[in-house]
Amino acid sequence: MYFALFYDVVPNYVERRQPYRAAHLAYAERAHQSGQLVMAGAFANPADGGLFVFRAEDKSAAEEFAKNDPYVLNGLVTAWRVRDWTVVIGSEM
């Protein structure tokens with residue numbers, strides 16, 4: 001099953017993320033290497049959030065990721081939510 005994790009972020013997020021960016025990217029890379037995080041990225045124009053796509057048995061993988069992400073722990077994320085995502089077109093990995 002697939003799950004989409006959405007982040008809403010603070011104003012001036014791009015500037016404010018710098019002290020935590022390396023830790024956040026390393027954390028995301030570990031989740032990707034484990035096979036649960038399929039892809040991730042930030043929204044642009046405006047830079048007001050992010051999207052992470054997980055492949056897991058249930059949504060707890062995405063929820064645990066969010067709860068322990070350095071961006072969340074350091075107050076850059078103002079809200080996050082996980083949604084079930086049904087793939088209609090595209091390849092199953």
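Where is Asn45 found? Asn45 sits in the loop between E2 and E3. The model is a predicted one, in which local features need pLDDT of at least 70 and side-chain atom pairs count only at pLDDT 80 or more, while totals for chains, interfaces and linings use all residues. Residues are numbered from 1 along each chain as its sequence is written, and side-chain values use heavy atoms, with hydrogens and water left out.

Helices (H or I, at least four residues) and strands (E, at least two) are DSSP runs, numbered from the N terminus. Strand E2 covers residues 37–42 and strand E3 covers residues 49–55. The two run antiparallel and are joined by five bridges. Strands pair if DSSP finds at least two bridges between them.

E2 and E3 form a hairpin, with six residues between them. Asn45 lies in the turn. Its phi is near 50°, a positive value in a residue other than glycine. Asn45 is exposed because its relative accessible area is 78%. The cut-offs are these: buried means under 20% relative accessible area, exposed over 50%, and partly exposed in between (1.4 Å probe, protein chains only). Pro46 is also found in the loop between E2 and E3. A cis peptide bond joins Asn45 and Pro46, with omega at about 10°.

Asn12 also has a positive phi, of about 60°, although it is not a glycine. Asn12 lies in the loop between E1 and helix H1 (13–16). Asn12 counts as exposed because its relative accessibility is 54%. Ala26 has its place in helix H2. Ala26 counts as partly exposed because its relative accessibility is 33%. Ala26 and Val77 are 51 residues apart in sequence and 17 Å apart in space, C-alpha to C-alpha.

Val77 belongs to the largest nonpolar core, which has 20 residues. A nonpolar core is a set of buried Ala, Val, Leu, Ile, Met, Phe, Trp, Tyr and Cys residues joined through side-chain atoms within 4.5 Å. Leu5, Tyr7, Leu37, Phe52, Phe54, Phe65 and Val77 touch the most other members. E1, H2, E3, helix H3 (60–68), helix H4 (70–73) and strand E4 (77–85) each supply at least two residues of this core. The largest share, four residues, comes from E1.

Aromatic rings were examined next. The structure holds six aromatic pairs. Rings of Phe, Tyr and Trp (its six-membered ring) pair if their centres lie within 6.5 Å; planes under 30 degrees apart count as stacked, over 60 as edge-to-face and the rest as tilted. Ring pairs link Tyr7, Tyr27, Phe52, Phe54 and Phe65 into a cluster.

The largest pocket holds about 200 Å³ of space. Of its 15 lining residues, Tyr13, His24, Leu25, Gly41 and Ala42 are the closest to its centre. A pocket is an open set of points on a 1 Å grid over the protein atoms alone, where a 1.4 Å probe fits, with protein on both sides within 12 Å along at least five of seven lines; lining residues have an atom within 4 Å of a point. Grid points are joined across faces, edges and corners, and the volume is the space filled by probe spheres set on the points. H2 gives the largest share of the lining, four residues.
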